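Biologist: I would like to learn how to read a structural model. Please take me through it feature by feature.

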Amino acid sequence: MIEIQDLVKRFGSHTAVDNVSLSIGQGETLVLLGTSGCGKTTTLKMVNRLIEPSSGAIRVNGVDVRQQDGPTLRRRIGYVIQDGGLFPHYTIAEAIATVPKLLNWESTAIQERSRELIDKLQLPETVLLRYPAELSGGQRQRVGLARALAAKPPVVLMDEPFGALDPFTRRHVRRELFGLNELKETTVVLVTHDVSEALELANRIVLMDQGKIVQVGTPTELQKNPANEFVRDFLDI
Amino acid sequence: MSDFFAFVRDHADKLLEQTLTHIGLTFVSLLLALLIGVPLGILISRKRKLASSVLGVAGVLQTVPSVALLGFLIPLLGIGVGPALVALFLYALLPIIRNTYVGITEVSPLTKEAARGVGMTDNQVLTKVELPLALPVIFAGVRTATVINVGVATLAAYVAAGGLGEFIFSGIALSNVNMMLAGAIPAALLAIGFDFGLARLQNLSAKKMRVGALAFVILVPFLSAFYLLPGRQDKLIAGFAHEFYGRSDGYPGLQKIYGLSLRPRLIDQNLMYEAIHKKQVDIISGYSTDGRIKAFDLLVLTDNRHAFPPYDAAPVVRQVTLDRYPELGPTLNLLAGKLTDSVMTDLNYRADYLHQSPERIATDFLKKGGLYQVPKSGDRPQTVVMGSKVFTEQYILAEIYRQLIEGKTQLRVVTKTGLGGTQICFDALRTGAIDFYPEYTGTGLLVVLQPPAEELKKLPMQPDSVYTFVKQQFLEKYQLVWQKPLGFNNSYCLMIRREQARQLGIRSIENLVQYLKK
């Protein structure tokens, strides 16, 4: 689904992402794991061209991302960030409708889809007319995900999506969200520095350090056969 | 207080017109500032490198005192609406640019990233996310700009652009508190009202606010339109000083005695001359010995019916001083009749336009009249103190007297120039702080003596009769002696450009009235 080839990103003399190559299959949940500044978020943002690579190539569904302009590309890739990244002046209904509207969906289709998502995410219908500030952190996170999924994108990128939640809510919300069928069919790339989150959600984990990939594997593989001392140390085994 | 309401009632139409002009001025300039300021604010939020220089320039403009800014704009734009609008526009610019910039840059980076992340184009990020979120801050800027503009718009009255400043400045010039308040109170109410209204708008919820902002944007041109209401136009445009317009011996006197009827624009008296020179007005009020009459080739219209009281200049001396220094009186009278209107106008012209020092002008004048004498050396234990008011003519007279007295006598002359107004000079003289100063008969009559109206009506407004009257009254009431008149009459007058006067065949105020009636 996503092919990343020899990806490099330099900021001045600093190399943030150093020769990363990856292949992500359809419906897979891939977790980019590492300390802050390891290049995981930069890698993620190059997938939807929020950041342009210095060299290397990314293909989504076989098409090079550079062949389409940024906004068009991003409308077909879901994007979830910390605390939902909701616009304070949009009601929840408007938030969920954001991308379908950008794609010029019919308003009846938008409404139908919004109801469906609210229902799936177990949000009461009354939230539709509320503003993000009136919601709890967990609810905001769900709305953030609903916004990302609204236009049924084949790929969803998540950047520390649960970072703003307390540990209890975080566990609760992520279990619930990742239990959704809708998300199971979608290719997800998730960035986190939380090891337990990675172990719980990932089909495969990519552990990064200083812009380079240290090890790629299923959670079990990483735990059973850590490639080196860094992996052992990071996973705390 | 009842006086105040009576004044407002009597001048309701004028007040309404001024208020509408005031609102119009405020909002036309605000509209211009919005049209320029908001895009500029957006631009510098995109190109941060430009931000400090753009905000710096706007900030500097903001610190220029408003009167100075108007003074600077007049040579470029003349008088009237132009400089007033530009000045107001410049003052409104900074709060609008700055708040647009701050409002946009303070939108959380996470929100902006999310907006790009869901696939908005740069323009969509701006119009759907950044501007709506910046709106309360931008509105706060608009609010500040509006309140500033309501205040600064009073100064429009200096440059004949109208507004509530007309009452305020005329009121100050005439010491008429009711008139002043009739301008100041509505101006304050406008400021408070707009501030309150915009504050309400600012506190609305996000959605209503967008509706409110839209309503405001639609409303602004409407409010601006007040300014464009057509006014009646005269054949000749008059620009009068505020004081002249309100004083009974100024324009009201002309209306009564000549039946003159104009719709004068009110303008600062120093800018009046510039305005007639630049042909923005055709008739101005002024003083008959002003140097600018010569500099700008103006013609003083003759006043056959004596609507303007005579203002013959003569030194006024304390009786005790004359008794103590018997040589002083005759020395002062050496100048009697020597300074005619044209001579005095010329001396003023040299000071104001050729920038000669009063010392040099005085020496030249005395030499020419054969009155100059190099002061004899030796001790001068006896001192006379001379006062003067604060304008060119009085500085020159003071210097002439000093050189004359020190040349002809052994008295030492101490000058106290810069005694603000008539009242200050007169009080200083009466209390003995000064021994003499040059005064004008009309001022002595109308400002110092202020005889009751019936008595004034009986007095013919001829130079001789007024001089005799004030001389006798001053001596009786205050033991102050008017010496012989110097020869010039610095009275109010109407003047027009000499060239236009020739074309239209106007030489006197009577001619002018006839011409306007045609």
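Modeller: What follows is a set of questions and answers on this model.

Modeller: This is a predicted model, in which local features need pLDDT of at least 70 and side-chain atom pairs count only at pLDDT 80 or more, while totals for chains, interfaces and linings use all residues. Residues are numbered from 1 along each chain as its sequence is written, chains are lettered from A and ligands numbered from 1 in the order in which they are written, and side-chain values use heavy atoms, with hydrogens and water left out.

Biologist: In what sense do strand β1 and strand β2 of chain A pair?

Modeller: Helices (H or I, at least four residues) and strands (E, at least two) are DSSP runs, numbered from the N terminus. Two strands pair if DSSP finds at least two bridges between them. Here β1 (residues 2-11) and β2 (residues 14-24) of chain A are antiparallel, over seven bridges. One bridge joins A:K9 to A:V17 in β2(A). The two strands form a hairpin with two residues between them, and A:G12 in the turn has a positive phi of about 60 degrees.

Biologist: What is the strand order of the open sheet in chain B?

Modeller: The order is β2-β1-β3-β10-β4, five strands with mixed pairing. The edge strands, each pairing on one side only, are β2 (265-266) and β4 of chain B. β4(B) pairs with β10(B) in the antiparallel sense over three bridges, and there B:L298 has B:R497 as its bridge partner.

Biologist: Which residues of helix α13 of chain B are buried?

Modeller: Buried means under 20% relative accessible area, exposed over 50%, and partly exposed in between (1.4 Å probe, protein chains only). In α13 (residues 269-277) of chain B, the buried residues are B:L271, B:M272, B:Y273, B:A275 and B:I276. Just after α13(B), B:K279 takes a positive phi of about 65 degrees.

Biologist: How many aromatic pairs are there over all chains?

Modeller: A pair of aromatic rings is described by the distance of the centres and the angle of the planes. Rings of Phe, Tyr and Trp (its six-membered ring) pair if their centres lie within 6.5 Å; planes under 30 degrees apart count as stacked, over 60 as edge-to-face and the rest as tilted. The search of the whole structure finds 22. In one of them, B:F244 and B:Y492 have ring centres 5.0 Å apart and planes at 80 degrees, so this pair is edge-to-face. The pair links distant parts of the chain, 248 residues apart: B:F244 is in helix α11 (residues 242-246) and B:Y492 in strand β10 (residues 492-497) of chain B. B:F244 is buried at 1% relative accessibility, and B:Y492 is buried at 5%.

Biologist: Are the rings of B:Y245 and B:Y251 stacked or edge-to-face?

Modeller: They are stacked, 5.7 Å centre to centre with 15 degrees between the planes. B:Y245 is partly exposed at 26% relative accessibility, whereas B:Y251 is buried at 3%. One aromatic cluster includes B:F244, B:Y245, B:Y251 and B:Y492.

Biologist: How many residues of chain A are in contact with chain B?

Modeller: Contact means heavy atoms within 4.5 Å. By that rule, 22 residues of chain A are in contact with 19 residues of chain B. A salt bridge is a side-chain nitrogen of Lys or Arg within 4 Å of a carboxyl oxygen of Asp or Glu. The count between the two chains is one salt bridge. A:K45 and B:E113 meet in a salt bridge through their side chains (2.6 Å, N to O).
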